[in-house]
Amino acid sequence: MANNITISDSIKYIGVDDRDIDLFESQYVVPNGISYNSYLILDDKIAVMDTVDRRKGDEWLRNLETALDGRTPDYLVTLHMEADHASIIAEAMNRYPAMKIVGNAKTFAMTAQFFGSDYADRRVVVCEGDTLPLGTHTLQFVMAPMVHWPEVMVAYEQSEKVLFSADGFGKFGALDTDEDWACEARRYYFNIVGKYGANVQALLKKAAALDIATICPLHGPILKENLGYYIGKYDTWSSYEPEDKGIFIAFGSIHGNTAAAARRLAEILREKGAEKVSVCDLARDDMAEAVEDAFRYDRMVLACATYDGGLFPAMETFLCRLKSKNYQRRTVALVENGTWAPVAARVMREKLEAMKDVRIAEPVVTIRSAMNADTEAKFAELADALVG
């Protein structure tokens with residue numbers, strides 16, 4: 001159990017840190033690990049708020065047993081059925097045969113798929129606005145479909161004004177990691193939740209009607225201060241508004257010529273007064289961080305070598321990721337490179353035109369193998385258009 005995590009006298013943290021994981025969801029690099037958060041509400045009735053990933057199931061069960069101190073839980077509240085939060089449901093239900101499980105109709109369709117049971121004789125089915133009295137504490141349920149699974153809901157504890165926010169307001173990193181919240185929360189949001197901005201906006205509108213003093217997410221730190229900052233970030237991210245003025249350059253280079261061109265363009269942009277310029281090698285840098293920066297800034301440059309009559313694979317993957325995460329409302333410039341038949345700009349344009357409100361900046365720059373004086377002149381023209 002992560003140490004020194006205090007929520008209140010009645011609400012206990014029983015989650016676990018996972019620093020052994022290599023890839024979260026088998027795709028996201030997590031150099032500082034991940035936390036699987038779970039909570040226990042102690043009252044006349046006792047509620048367990050979610051379980052954890054099977055990787056840390058034994059540790060979580062020990063944490064739960066210690067926090068219960070001989071008592072028996074009455075309810076297991078399941079806000080989200082994804083495996084990193086729900087893997088231990090069957091074990092918990094078997095260990096505490098008197099415990100009921102709380103979820104919505106879609107929750108129990110999924111428990112049947114994962115565990116072979118919909119817990120018909122032990123389930124409490126809740127809907128929008130339903131409450132669960134525990135004594136002095138009362139949980140109020142708010143449905144949050146597609147944030148980011150269809151069964152997701154959040155729970156508001158009325159007496160202590162605590163929002164149990166499921167995957168909302170989560171971040172990568174174990175709880176004992178000292179790092180900036182926004183950086184890893186942003187990377188987490190756009191890569192995991194980012195496609196469902198409209199659904200997040202709908203949830204934020206519901207949450208605005210609640211008097212929230214504490215946010216308890218399923219990943220990352222408990223938030224108690226300056227909640228307007230965190231809610232404001234989520235409002236910006238989920239509305240697809242750029243967070244910062246700046247230019248993100250993402251390149252796919254085979255032998256280094258396109259990379260050299262991208263870095264030279266970055267120098268020219270800085271010389272012309274660009275507020276912020278970030279450069280990413282899509283073949284070597286973290287793809288999830290590239291997605292994060294594409295959404296963070298208001299302008300982007302894609303520089304790509306032609307490969308097999310199409311795009312260099314890393315760029316193909318990147319654009320696929322952007323499309324799947326609902327990339328929109330940005331200005332994008334195109335730089336292509338090809339020795340005998342450059343087509344990358346055309347293919348990139350076609351992919352971007354399938355996205356919403358993406359404006360292609362002019363001029364589109366074509367490099368024939370390596371930069372030359374003409375490329376420098378075109379880059380200067382493009383930089384003027386981007387810096388404005």
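What follows is a short exchange about a predicted model.

Colleague: What makes D286 a cap of the N-terminal end of α9?

Modeller: A side-chain oxygen of D286 lies 3.2 Å from the backbone nitrogen of A288. A polar contact needs N or O atoms within 3.5 Å, so the pair counts as one.

Colleague: Why is helix α9 called mostly covered?

Modeller: The helix spans residues 287–296, and eight of its 10 residues are buried. Buried means under 20% relative accessible area.

Colleague: Which residues make the contact of α6 with α7?

Modeller: From α6 come G197, A198, V200, Q201 and L204; from α7 come I231, Y234, D235 and S238. Contact means heavy atoms within 4.5 Å. By class, the residues are five nonpolar, three polar and one charged. Helix α6 (residues 197–207) and helix α7 (residues 227–238) have axes 8 Å apart, at an angle of about 145°, and the crossing is left-handed.

Colleague: Why are β11 and β15 said to stand at the edges?

Modeller: The open sheet has the order β11-β12-β13-β14-β15, with mixed pairing. β11 (131–133) and β15 (214–216) each have a single partner strand, so one side of each lacks a neighbour in the sheet. From one strand to the next the twist averages 20°.

Colleague: How do you know that β12 and β13 pair?

Modeller: Pairing takes at least two bridges, and five join β12 (residues 138–143) to β13 (residues 153–157), so the two strands count as paired. They run antiparallel, and F141 stands opposite A155 in β13.

How values were computed. Residues numbered from 1 in each chain as written. Predicted model: local features only at pLDDT ≥ 70, side-chain atom pairs only at ≥ 80, totals over all residues. Heavy atoms only, no water. Axes fitted to C-alpha atoms, helices over the stretch in contact; angles between N-to-C directions. Helix = DSSP H or I, 4+ residues; strand = E, 2+ residues; numbered from the N terminus. Left-handed = near helix turned anticlockwise from the far one by under 90°. Nonpolar A, V, L, I, M, F, W, Y, C, P; charged D, E, K, R; others polar. Buried < 20%, exposed > 50% of the residue type's maximum accessible area, 1.4 Å probe, protein only. Polar contact = N/O pair within 3.5 Å; in protein donor to acceptor, adjacent residues only side chain to side chain.
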